[in-house]
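Hi,

Here is the structure I promised to pass on.

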Amino acid sequence: MTKKEVIEIVKATAPVLQNHGESITKVFYKRLFENHPDLKDIFNMVHQKKGSQQKVLANTIFQYAVHIDKLEMLTRTVETIAQKHSSLSIPKEAYPIVGENLMEAIKDILGEAATPDIVEAWTIAYGDLAAIFIHKEEKIYGDNESSSNGFRGTKEFVITKKVNESDVITSFYLKRKDGKPTPHFIGGQYIAVTIEIPNTSHKHTRNYSLSNSKNDGFYRISIKKEAGNPDGIVSNYFHSNLKVGDTVVAGMPAGDFTLNRKGEKPIVLISGGVGITPLLSICKDAINSKRDVTFIQCALNSNTVAFSEEIEEMLDNPSKLKKIFSLPLDTDKIGDEYDYKGFLSLDMLLDQGLDKESEFYFCGPTPFMANTLRILNTWGVKNQNIYYEFFGPKENLV
Ligand code: HEM
């Protein structure tokens, strides 16, 4: 089959993928975990249960089908996924396994509509996409290995300190077990941490933003205790069971939610809840860049707010930190513990005299992210000045 034929068939079948994408990816992951249960060690099975990973994979494959003849449209998406994959040390040998199970899932859902031509075109197209990821990820692995104190794959880390930051957030300080300093990272990046929890059938891997600064020689991850099971299985184990001296396994830092180093505009960092973690290390880089930095911290109240003092110390002017509490305690006083009550609004940003030509970086729970994006769009902030990151698979905010 020629390249032209592949492109024609893949583009023609894009609407089918849009309609059946999630059914296909649900069957795909079911098959994948049945055939390779060991992969549960690296996938976040909570995302599987919620369907968010199935949704993001379906959407990515659909976007690929639509843009197969202009792949430059997908550069950003491919970079974000490759960063996530590299944090998890996905090996190139896993791609054919994913490809085989994906094609079987397509055949399963489309039935007779999956003609031999369609199957052949998609097999070739998948191989091309896989080659793009493999190339990108191999480059990242190579760069990691040759960086100072860098490594390929994972290393053991020891918990050297555990600090309660608020009623719901606890920080864990991690040092390498082999005694070497931790590799540098860029503010905003995360690591994948794997732990074993007794009486569960597989290991558990989670991505956590690094909340300290890049030259510390250790990593700090700050974890919110999530409610319920399975949502909270890993965070609760961290909070309640893991202690100083325990060992976890972690990979190299990754992620592309980082400061735009070429920028010269003022910087506005907006955090919702535990979304503060990547913004803490971005804030450090922002201060070092000598640009004007404002930090807007949204939290429920003084019981859950974390790191405010640390931010005030970082900023040259502590009043550049503004706190918004959505549910202040009776004892929380406006002007003392917090500056605004309610949810972030455009009026609050205007009240601070912020410049809409600034660069805006935000992270937090999905409804907070959707609200923040809506506010920035309403204000007329240019898309290229808006940066945000999801904890977990990317979702649609509009
Ligand atoms: C061309 C093939 C592939 C595509 C299009 C793809 C796509 C994606 C996407 C869109 C995400 C979500 C990124 C985000 O967090 O927003 C993701 C995450 C992930 N991918 Fe892939 N992927 C591919 C191959 C693979 C392979 C071969 C493996 C290894 C078994 C793999 C393992 C993972 C894991 C473990 C995650 C994180 C899942 C989670 O957080 O629950 N992927 N991938």
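**Rings and ligand**

Let me start with Phe33, which is buried at a relative accessible area of 9% (buried means under 20%, exposed over 50%, partly exposed in between, with a 1.4 Å probe and protein chains only). Before going on, two notes on the basis: this is a predicted model, so local features need pLDDT of at least 70 and side-chain atom pairs pLDDT 80 or more, while totals for chains, interfaces and linings use all residues. Residues are numbered from 1 along each chain as its sequence is written, and side-chain values use heavy atoms, leaving out hydrogens and water.

Next, the tilted pair: Phe257 and Tyr361 are 6.3 Å apart centre to centre, with 55° between the planes. (Rings of Phe, Tyr and Trp, the last by its six-membered ring, pair if their centres lie within 6.5 Å; planes under 30 degrees apart are stacked, over 60 edge-to-face, and the rest tilted.) Phe257 sits in the loop between β6 (247–251) and β7 (267–272) and Tyr361 in strand β11 (residues 359–363), so this pair ties together parts 104 residues apart in sequence. (Helices are DSSP runs of H or I with at least four residues, strands runs of E with at least two, numbered from the N terminus.) Both Phe257 and Tyr361 are buried.

In total there are 16 aromatic pairs. One of them is Phe33 with Phe43, edge-to-face at 5.3 Å centre to centre and 80° between the planes. Phe33 belongs to helix α2 (residues 14–35), and Phe43 to the loop between α2 and α3 (45–50), 10 residues apart. Ring pairs also join Phe28, Tyr29, Phe33 and Phe43 into a cluster.

Now the ligand. There are 23 residues around it, and Asn44, His47, Lys84, His85 and Lys394 come nearest (a residue counts if one of its heavy atoms lies within 4 Å). A polar side-chain atom of Lys84 is 2.6 Å from a ligand oxygen atom, and one of His47 is 3.0 Å from a ligand oxygen atom. For His85, a side-chain N or O atom lies 2.9 Å from a nitrogen atom of the ligand. The elements giving two or more residues to the shell are α4 (52–66), α5 (75–87), α6 (94–110) and α7 (116–146); α4 gives the most, with four residues.

Enjoy browsing!

Note on methods:
Polar contact = N/O pair within 3.5 Å; in protein donor to acceptor, adjacent residues only side chain to side chain.
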